[in-house]
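I want to look up how one part of this chain sits against the rest, and then step back to the whole. These are my notes as I go.

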Amino acid sequence: MDKLFGGMRGVEVDSDGTLSAMNTKLFSQEFRRAFELDLPPVDHDTIESATVGVLQAVGEDPSREGLLKTPHRVAKMYDELLSGYRTDPARLINDALFDVDYNDMVIVKNIEFHSLCEHHMLPFFGRVHVAYIPNGKVVGLSKIPRIVDMFSRRLQGQERMTRQIADFINEVLEPQGVAVVAEGVHMCSMMRGVKKADSSMTTSAMLGAFRDSTTRGEFLAHLNRTTEF
């Protein structure tokens, strides 16, 4: 799905700093549902009670000194680890869209991410590489890592996370193409199950111009190139 919603080409940032059609899209319920945003706040009380139950179920004593505050810490932890569900996309973009006369590749490499596997709720983490070819607009450099955070700080599968990052950038910028490659290591395969400590997973999403083998090849070649400053 190269386009989830109606186009908004020609949208400009007004002189008073407000966005017209862009904000209409970012605030729309359809857009937010599609990207699983605006979930209710984390229910700390329920998580604390459930954590006490888990500790008891594994034979632990929740009243011992080392575990007394564990349920509270676990509940607070999920505010941060699952913050991606509650990110405001309009505040994330924050008017940082700029008109440009540039139609070559923009690449942001080695963006660190941390997430929770939706199957076992164990961490997986690694790096994401993002590229897009502008179609009249670029987004502020810091926004790409924030978009990665928005989709990684959830209960996730790496495949879905990769595609959501690509789809979101595609919707916001309407570029000629978007490419996302994610490289991750998963605690669920390193700590349990097959217990293969050196295994890793690579996923990719290629939209628009990056479906062309030449453009895709250029992007992948950049990923393998070492840059020295």
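I began with helix 6 and listed its buried residues, where buried means under 20% relative accessible area with a 1.4 Å probe and protein chains only: they are Lys 143, Ile 144, Ile 147, Val 148, Met 150, Phe 151 and Ser 152. Helices here are DSSP runs of H or I with at least four residues, and strands are runs of E with at least two, numbered from the N terminus. Because seven of the ten residues of helix 6 (residues 143-152) are buried, this helix is largely enclosed by the rest of the structure.

I noted that this is a predicted model, in which local features need pLDDT of at least 70 and side-chain atom pairs count only at pLDDT 80 or more, while totals for chains, interfaces and linings use all residues. Residues are numbered from 1 along each chain as its sequence is written, and side-chain values use heavy atoms, with hydrogens and water left out.

Next I looked up what the buried residues of helix 6 pack against, and found strands 2, 3, 4 and 5 together with helix 5 (89-93) and helix 7 (158-173).

I then turned to Lys 25, which lies in helix 1 (residues 21-27) and counts as buried because its relative accessibility is 7%. Its side chain is joined to that of Glu 171 by a polar contact of 3.1 Å.

How values were computed:
Buried < 20%, exposed > 50% of the residue type's maximum accessible area, 1.4 Å probe, protein only. Contact = heavy atoms within 4.5 Å. Polar contact = N/O pair within 3.5 Å; in protein donor to acceptor, adjacent residues only side chain to side chain.
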